[in-house]
Amino acid sequence: MTDPNCIFCKIASGQIPSACVFQDETAFAFLDIGPLAEGHVLLIPREHYQTLDQMPPDVAGRLLGRLPALVKAAVEAAGAEGVNVLQNNGKAASQEVPHVHFHVIPRRAGDAFRFNWPASKYPPGRMEELAKAIREKL
């Protein structure tokens, strides 16, 4: 199922042109029009899901099964030394388009792109509490 108002659904269906690099019955991959690096690719499911947790496991598995080859191809084509694979899930996580998508961002040593990664530490006992809560939800 697609969302007629979703820009990524329109791209996957061909209503909006894109620089497609891969497509099959499950996945569609294309160059980002606002790349963080040369060769920045977006991998999306053809079906519309706003967030990753809404995807059925079999669809997510098929989509993610395309990721290793896509990463390898983007890195080699861009002449990169590494890659970031990023998936923002929900507005609070900076997801700007409400359609599941994975960013494949080729990287070179010393390039200008930087993540803001303000790592912290858990107070005593909190890590164990969260681990237990997550296990219970699974």
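Helices (H or I, at least four residues) and strands (E, at least two) are DSSP runs, numbered from the N terminus. With that in hand, let us walk through the chain. This is a predicted model, in which local features need pLDDT of at least 70 and side-chain atom pairs count only at pLDDT 80 or more, while totals for chains, interfaces and linings use all residues. Residues are numbered from 1 along each chain as its sequence is written, and side-chain values use heavy atoms, with hydrogens and water left out.

Start with the overall layout. The chain has four helices and five strands, and from the N terminus on they follow the order α-β-β-β-α-α-β-β-α. Along its principal axes, the C-alpha trace spans about 50 × 40 × 25 Å. Of the 138 residues, 37% count as buried; here buried means under 20% relative accessible area, exposed means over 50%, and partly exposed is in between (1.4 Å probe, protein chains only). Contact means heavy atoms within 4.5 Å. Among contacts in the chain with a separation of 6 or more, 53% come from residues 24 or more positions apart.

The chain carries 14 positive and 15 negative charges, whose mean positions are 4 Å apart. In that count Lys and Arg are positive and Asp and Glu negative, while His and the chain ends are not counted; each charge is placed at NZ of Lys, CZ of Arg, CG of Asp or CD of Glu.

Next, the interior. In soluble globular proteins, nonpolar side chains tend to be buried together. A nonpolar core is a set of buried Ala, Val, Leu, Ile, Met, Phe, Trp, Tyr and Cys residues joined through side-chain atoms within 4.5 Å. The largest one here has 18 residues, and Val41, Leu43, Met55, Leu63, Leu70 and Val104 have the most contacts inside it. Strands S2 (27-31), S3 (41-45) and S5 (102-107), together with helices H2 (57-64) and H3 (67-78), each give two or more residues to this core. H3 provides the largest share, five residues. Leaving aside neighbours within four places in sequence, Met55 is in contact with Pro45, Tyr49, Ala60, Leu63 and Val100. Apart from this core lies another, of ten residues, among them Cys6, Phe8, Cys9 and Leu42.

Phe8 is found in helix H1 (residues 7-13) and is buried, with a relative accessible area of 6%. Not counting residues up to four places away in sequence, Phe8 touches Phe30, Leu42, Ile44, Val97, His99 and His101.

His40 lies in the loop between S2 and S3, and it counts as buried because its relative accessibility is 1%. Its side chain makes a polar contact of 2.8 Å with the side chain of His103. A polar contact is a pair of N or O atoms within 3.5 Å; within protein, one must be able to donate a hydrogen and the other to accept it, and residues adjacent in sequence count only if both atoms are side-chain atoms. Thr26, in the loop between strand S1 (20-23) and S2, is also buried, at 6% relative accessibility. A polar contact of 3.1 Å joins the side chains of Thr26 and Arg62.

Phe115 sits in the loop between S5 and helix H4 (126-137) and is partly exposed, with a relative accessible area of 34%. Setting aside neighbours within four places in sequence, Phe115 is in contact with Asn84, Leu86 and Arg107. Ser94 is in the loop between strand S4 (82-86) and S5. Ser94 has a positive phi of about 70 degrees although it is not a glycine. Most residues other than glycine have a negative phi.
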